[in-house]
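I opened my notebook to look at one chain, from its overall build to its surface. Here is the structure I worked from.

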Amino acid sequence: MDPLTQGALGAALPQAFANRRQVVTAGLLGFLSGMAPDLDVLIRSAEDPLLFLEYHRQFTHSLFFIPFGGLICALVLHRLIGRRGGLSLGQSYLFCVLGYATHGLLDACTTYGTLLLWPFSDQRFAWNTISIIDPLFSLPVLALIAFAALRRRAALARVALVWVLVYQGLGVWQREQAEAHGWALAQSRGHEPLRLEAKPSFANILVWKIVYETDSHFHVDAVRTWPSVVDYPGGSIPRLDVARDLPWLQGGTQQRRDVERFRWFSNGYVALDPAVPGRIIDVRYSMLPNEINSLWSIQLRPQATADDHVSYAMHRSGGREQAGVLWRMLLGDTASAAAAERRGSGLEYGVGGD
């Protein structure tokens, strides 16, 4: 989630357990501790552009690191905030731990993937119930923790936690509806998916991106699940086959290892961009949910040495226009659905087989 939402939820949990005198201080400690795990973004390397992909949402987000992360926060924040608010070190530690504990769990509710069980497992948990930015989720939590602090009322923080649970429950329900629709859509095409996922589109839980994998292709579509079902057809793209798509890439080279690192990060949803030679994309993410137009990619170079890394790039374009299209999807604009049907094969990448 975005840092502000992480901080807000981090504040709500300790506030809910604080007494009237502690509400403000508990909220401040929880707010800062709730954001602290994302300091792992500082783990970067100028030589290795994929290093941050391995360490972001890794050990700092693990359930097993919570007591240690909370302790680090308490040691830093007690003198600055906790002691001035009349708390003992133990009380500061409790509130920091509570705030810190919310971070990894909230991130796991998004689609990016979080290593909750590190170091015992490198599985990336992604429950796909909420977008990384969702104002309808975040703004009520922010308002309630602010009023809880102003009025010294922990009950308002408890209301914020109830809203979090209710909204996540709605996300689970919507995800299940979208996945069921995705399976039906695949079957109507004569496909038997090897796997299928539904992910909320940007800033909402009404329009969902459906990605499913067959023997040779990834297929991408979108659906608005409520209050009425509206399909937004997308397209397909061949799955990455290194031997077929990159015959010049030799085993044992750093670029070859980087491809597998990116494949792990992308949960296997990788394909060769037909528009850019040597570019590998993560099929799961795009600004518009029915497009195969990746938000990030790695670029390989045939002339690279055995020790050279791939390069990593993020892609942002057409923001205002795409926001307008997404808004029309949210409204269930059937004209947009018909236009998508005519495009049929995904705008950017052309028609795929099977």
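**Overall build**

I began with burial: 53% of the 354 residues in the chain are buried, where buried means under 20% relative accessible area, exposed over 50% and partly exposed in between (1.4 Å probe, protein chains only). I kept in mind that this is a predicted model, where local features need pLDDT of at least 70, side-chain atom pairs count only at pLDDT 80 or more, and totals for chains, interfaces and linings use all residues. Residues are numbered from 1 along each chain as its sequence is written, and side-chain values use heavy atoms, with hydrogens and water left out.

Next I looked up the secondary structure and found 11 helices and eight strands; these are DSSP runs numbered from the N terminus (helices H or I, at least four residues; strands E, at least two). The C-alpha atoms fill a box of roughly 65 × 55 × 35 Å along the principal axes.

**Surface patches**

Which residues make the nonpolar surface patch of about 570 Å²? I listed Leu63, Phe64, Leu105, Leu117, Phe120 and Trp127. Patch residues have over 30% relative accessible area and no salt bridge; like charges are joined within 9 Å, nonpolar side chains (Val, Leu, Ile, Met, Phe, Trp, Tyr) within 5 Å. A salt bridge is a side-chain nitrogen of Lys or Arg within 4 Å of a carboxyl oxygen of Asp or Glu. I placed Leu117 in the loop between helix H5 (89-108) and H6.

I then noted a surface patch of positive charge, where Arg20, Arg151, Arg152 and Arg153 gather. Arg151 sits in helix H6 (residues 135-151) and is partly exposed, at 48% relative accessible area.

Note on methods. Areas by Shrake-Rupley, 256 points an atom, 1.4 Å probe, with all protein chains shown as cover. Lys, Arg positive; Asp, Glu negative; His and termini not counted. Charge placed at Lys NZ, Arg CZ, Asp CG, Glu CD.
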